[in-house]
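Please have the sequence and the model open side by side. This report takes a few local features in turn.

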Amino acid sequence: MKPTTSALWPFRCTAVLLFALIASAGLQASDDGVPVVVSRAESRTLTPMQQVAGTLISRNDTRLAAQVEGQVVWVAEVGTHLVTGEAATRLDDTLIREELAENNASVLRAQASVEFSRAELNRLEKLAEKSHAAESRLDQVRRDLAVARSELSAARARSSRSREKLERASINVPFDGVITERFIQTGEWADAGTAVVRLVDTTALEVQAWVPVAILPYVSSGMLLDFSANGTEGSGRVRTLVPVGDRQSRLYEVRLAVDADGWSSGQGVRISIPTAESRTATVVPRDALVMRRDGITVFRITADSTVE
């Protein structure tokens, strides 16, 4: 049995309504359009750069060592700021003081011998003028005076050495810095040459980095390079480029002189280093590049406002 026209009326109305809605949506989409941003291509001089890991280090980082032997009586604590000439470690100097006192006494004894021999020589020379003194006696006194003078010089040298040892019983810092490590404790015995503390100058910093040989032709002394760490940016000039590579890594050392303000020794940074010569190129915003499997496309607006 065929459906009547009255029976199909509701379906026809529904189809017409859906068609109207679809057409309306299509018209609205075409009226809105897609926003397009136009940017001007520019010609600039660019230098290819590579990010290289580096480390901030101190130019003055040393292990202070004992110069005389003795028992440690005091060591500066880790984190102590010291000024040039201040003591970082002290050794017991009791034996050195006694040695100095003994050598000073030897100096006085030698001085007395010299004075006695000189006076005796003067007396005999006066007698010899009147032929009242034997020439052999004069020679003996002259010899005694020479020996006394040499003994005096040796005694003074021993006394000076003891005085120097006494001064070196206090291990003083050669530059302003911070104690970062202690290698010996109070009460321990320190021989000459034993490391006692590590001293680091926190105001004289430089960046140390290692670069491959391919970059060496594009890096030179005095060149200004940028670096960054944790969002903070800085710059420094190449202080030196060591022309000898590491045997294992085959990398070459580069050091940058930097201002210490805001930076700390041991901090890691990323350095921008050129990898080729600068060249002039036409540049556009990155968003203008259309990435496809077959290549990269850029749309250009012509003089008649058409796109190609």
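## Basis

The structure is a predicted model. Every value below is computed from it.

## A four-stranded open sheet

Four strands make up an open sheet. Their order is E3-E10-E8-E5, and they pair in the antiparallel sense. Strand E3 (61–65) and strand E5 (81–82) are the edges, each with pairing on one side only. Strands of a sheet pair through backbone hydrogen bonds, either parallel or antiparallel.

## Strands E1 and E16

Strand E1 (residues 42–46) and strand E16 (residues 279–283) run antiparallel. Five bridges join them. One of the facing pairs is Thr45 with Thr280, the latter in E16.

How many of the five residues of E16 are buried? The count is zero, and the strand is hardly covered.

## Ser58

Ser58 sits in strand E2 (residues 49–58). Is Ser58 buried or exposed? Its relative accessibility is 7%, so Ser58 counts as buried, the cut-off being under 20%.

Which backbone oxygens does the Ser58 side chain reach? One belongs to Asn60, at 3.0 Å. Another is that of Asp201, 2.5 Å from a polar side-chain atom of Ser58.

Two elements give two or more residues to its lining: strand E4 (70–75) and helix H2 (94–129). Helix H2 supplies the largest share, four residues.

The lining runs through Val68, Glu69, Gly70 and Gln71, then Asp92, Asp93, Thr94, Leu95, Ile96 and Glu99. Lys165 and Trp189 also line this pocket. What classes of residue does the lining hold? There are five charged, four nonpolar and three polar residues.

## Where to look

For the sheet edges, go to E3 and E5. For the buried serine, go to Ser58. For the pocket, begin with helix H2, the source of four lining residues.

Methods
Residues numbered from 1 in each chain as written. Predicted model: local features only at pLDDT ≥ 70, side-chain atom pairs only at ≥ 80, totals over all residues. Heavy atoms only, no water. Pairing = 2+ DSSP bridges. Buried < 20%, exposed > 50% of the residue type's maximum accessible area, 1.4 Å probe, protein only. Polar contact = N/O pair within 3.5 Å; in protein donor to acceptor, adjacent residues only side chain to side chain. 1 Å grid on protein atoms, 1.4 Å probe; cavity = no way out; pocket = protein on both sides within 12 Å on 5 of 7 lines; lining within 4 Å. Nonpolar A, V, L, I, M, F, W, Y, C, P; charged D, E, K, R; others polar.
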